[in-house]
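Morning, everyone. I'll walk through the side-chain packing and pairing in one model. Please have the viewer open.

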Amino acid sequence: MASKETCRTELRTAVRHLSERGLYSAAKWAGEQLLGIEQDPSKHTPSHTRFQRGSSSIRRRFRTATPAESSATPSAGVSYVNTPSLMGVEEYDYDLMDNDFYMMAKSYFDCKEYKRAAHVLRDQTSKISMFLRCYSLYLAGEKRKEEEMIELEGPLGKSDATNRELLSLERELSTLRKNGSIDPFCLYVYGLVLKEKGSENLARSVLVESVNSYPWNWSAWSELQTLCTTIEALNSLNLNNHWMKDFFLASAYQELRLHNESLAKYEYLQGTFVFSNYIQAQIAKAQYNLREFEQVEVIFEELLRNDPYRIEDMDMYSNVLYAKECFSALSYLAHRVFLTDKYRPESCCIIGNYYSLKGQHEKSVVYFRRALKLNKNYLSAWTLMGHEYVEMKNTSAAIDAYRRAVDINPCDYRAWYGLGQAYEMMGMPYYALHYFKKSVFLQPNDSRLWIAMAQCYETEQLHMLEQAIKCYERAANCNDREAIALHQLAKLHSELGRTEEAAFYYKKDLERMEAEEREGPNMVAALMFLAQHCKTQKRFDEAEVYCNRLLDYTGPVSPLRFKFVVFQSYMLLYRQVFHHLTNLKCR
């Protein structure tokens with residue numbers, strides 16, 4: 001890893017370069033990492049470091065590996081390449097800042113008048129002017145495409161609208177690349193164009209050239225990541241060993257569902273970017289995918305204390321609060337983002353989650369639709385809206401929403417799982433099973449998906465109990481938080497006449513309920529079965545223990561049925577004991 005001073009110097013320069021070119025998202029990202037680098041206390045007053053010190057506890061609390069211990073860190077013999085020279089960029093930056101044409105075009109660009117900006121720069125030949133002109137044309141085409149999509153189709157419809165600037169941009173940028181006169185920023189635009197046209201392999205190569213030449217443009221890394229849908233594609237990239245590559249790999253591992261590898265990378269990066277809120281949010285995202293909700297909640301609470309007006313990633317925090325049914329916390333978060341910026345897609349999703357938790361599903365759908373009007377490619381909104389339609393029993397609308405989600409990201413297991421649920425509700429288990437298999441392939445460590453697939457196998461149309469048992473076994477090995485798999489395994493083995501296996505799983509389920517201090521019908525069923533099983537096996541002492549526990553049970557269950565079962569158990573038990581004693585006397 002490069003030194004902290006090197007990273008700080010490079011990021012300061014990068015923020016300026018990116019802002020001058022209108023790459024504001026990349027500039028914001030670079031600025032956040034710049035503030036994430038620990039300051040030298042000897043060079044800064046306490047007032048300058050107060051923000052950082054207040055946020056350090058959360059970093060220490062959830063560190064699982066030191067930089068030296070992390071398996072994702074470079075080995076001792078690996079060195080990073082020298083920082084690419086910035087002089088090539090600076091040479092044409094400052095001469096052109098006095099250029100009237102560029103200044104006028106940049107003003108139009110900042111006002112989102114992209115066509116006017118491109119027109120002003122039509123005869124300019126400097127590299128920065130060529131970039132801004134091409135980027136303005138690309139954004140003008142995207143803006144017009146979105147307008148046509150809104151005009152031609154509704155929020156759940158599709159459109160054949162395309163960016164009409166792509167063809168001319170491809171011709172011009174391809175010629176520049178062949179002539180060797182293209183700069184890293186124009187390569188980034190060329191990569192966007194190729195990706196939009198579906199030339200993914202060439203787009204990958206072009207974006208790799210861009211990030212190797214200028215590695216501080218996080219927007220280029222992000223586009224490159226979307227083209228790495230498999231670990232093979234990721235490993236095939238010929239990337240320079242710059243420290244920005246570690247950020248890219250950590251993010252790519254997360255998208256490829258290699259969450260432990262991603263966590264190791266981010267923990268390694270924390271050695272330099274100790275106070276980066278971005279890294280903390282990404283760690284929370286990885287732990288969210290690993291269903292470590294308690295840790296995720298603590299991290300987001302700390303993030304909000306450090307950055308109270310933050311909205312990025314807060315929709316994920318709302319999902320955690322929703323799953324934990326924290327009404328007051330979710331209400332507070334929804335009110336907070338509403339006051340900060342109510343017309344952000346994330347804000348609309350948070351408010352939609354709040355109304356969903358209250359059971360107001362129609363109002364929840366209104367906010368998810370609003371999020372999609374603001375960003376039609378907002379994946380979470382499509383998936384969550386599908387969930388709401390399932391709650392409202394509107395399966396056709398749910399299927400439309402889920403299909404739009406998988407069109408945006410075919411690796412979104414939640415959308416595939418939602419499709420399975422919708423078809424299961426429609427009584428079509430073969431279709432449901434197909435989609436459940438897709439979801440479990442993408443997220444094999446989620447017990448809920450295995451349970452859903454097992455329940456599908458249990459339906460009357462399929463009745464494939466052996467396959468259901470295998471799915472429940474996988475769920476039990478995947479930390480089944482809902483405690484469904486063990487009981488269902490015991491029940492299925494009992495139905496198939498495998499009493500020993502059923503007793504094994506009933507005993508494990510009983511032990512888990514005792515550890516979690518839970519009671520309910522499952523406990524009664526387990527005690528009843530184990531009492532009968534021990535009686536049959538002539539283990540009368542054990543049977544008596546289970547019968548006594550049935551008598552002592554105070555949880556919810558049908559009183560008449562419960563008393564009858566207990567009475568029957570005791571009568572059978574004492575009858576067997578009486579016969580056993582009689583046989584002993586006869587001997």
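**Side chains: pairs, rings and cores**

Start with K4: its relative accessible area is 30%, so K4 counts as partly exposed. Keep in mind that this is a predicted model.

What does K4 pair with? The side chain of K4 meets that of E38 in a salt bridge, 3.3 Å from N to O. This pair links distant parts of the chain. K4 sits in helix α1, residues 4-20, while E38 is in the loop between α2 and α3. The two are 34 residues apart. E38 is partly exposed as well, with a relative accessible area of 33%.

As a general point, side chains of opposite charge can pair when their charged atoms come close. The structure holds 27 salt bridges.

Next, two bridges within helices. K106 bridges to D110, with the closest N and O atoms 3.0 Å apart. Both are in helix α6, residues 100-110. They are four residues apart, so about one helical turn separates them. Is K106 buried or exposed? K106 is buried, at 13% relative accessible area, because the cut-off for buried is under 20%. D110 is partly exposed at 41%.

The other one is R512 with E516, and here the closest N and O atoms are 2.9 Å apart. Both lie in helix α29, residues 499-516, again four residues apart, about one turn of the helix. E516 is partly exposed, with 37% relative accessibility. There is also a network: salt bridges that share partners join R144, E147, E148 and R164.

Now the rings. How many aromatic pairs does the structure hold? There are 27 aromatic pairs. Take W29 and F247. Their centres are 5.1 Å apart, with 80° between the planes, and the pair is edge-to-face. W29 is in helix α2 and F247 in helix α14, residues 244-255. W29 is buried at 5% relative accessible area, and F247 is buried at 0%.

A second pair is Y417 with F436. The ring centres are 5.7 Å apart and the planes meet at 45°, so this pair is tilted. Y417 belongs to helix α24 and F436 to helix α25, 19 residues apart. F436 is buried, with a relative accessible area of 0%.

Rings also gather in a group. F109, Y114, F131, Y135, F185, Y188, Y214 and W216 form one aromatic cluster. And F185 has a charge on its face: R21 lies over it, at 4.3 Å from the ring centre. Likewise, the charged end of K438 sits over the ring of W416, 4.9 Å from its centre.

On to the cores. The largest nonpolar core has 104 residues. Which members touch the most others? They are L18, Y135, L224, L234, W243, F247 and F248. Helix α8, residues 127-152, gives this core its largest share, 10 residues. Another core lies apart from it, with 73 residues, among them V365, A415, L419 and W450.

Back to F247 for a moment. Beyond its neighbours within four places in sequence, F247 is in contact with residues including W29, W218, Y266 and F273.

Last stop: E172, in helix α9, residues 166-179. E172 is partly exposed, at 24% relative accessibility. Leaving out residues up to four places away in sequence, E172 touches R133 and C134. The C-alpha atoms of E172 and C134 are 9.1 Å apart, across 38 residues of chain.

That's the tour. Over to you.

Key. Residues are numbered from 1 along each chain as its sequence is written. This is a predicted model: local features need pLDDT of at least 70, side-chain atom pairs count only at pLDDT 80 or more; totals for chains, interfaces and linings use all residues. Side-chain values use heavy atoms; hydrogens and water are left out. A nonpolar core is a set of buried Ala, Val, Leu, Ile, Met, Phe, Trp, Tyr and Cys residues joined through side-chain atoms within 4.5 Å. Buried means under 20% relative accessible area, exposed over 50%, partly exposed in between (1.4 Å probe, protein chains only). Contact means heavy atoms within 4.5 Å. A salt bridge is a side-chain nitrogen of Lys or Arg within 4 Å of a carboxyl oxygen of Asp or Glu. Rings of Phe, Tyr and Trp (its six-membered ring) pair if their centres lie within 6.5 Å; planes under 30 degrees apart count as stacked, over 60 as edge-to-face and the rest as tilted. A charge sits over a ring if NZ of Lys or CZ of Arg is within 6 Å of the ring centre and within 35 degrees of the ring normal.
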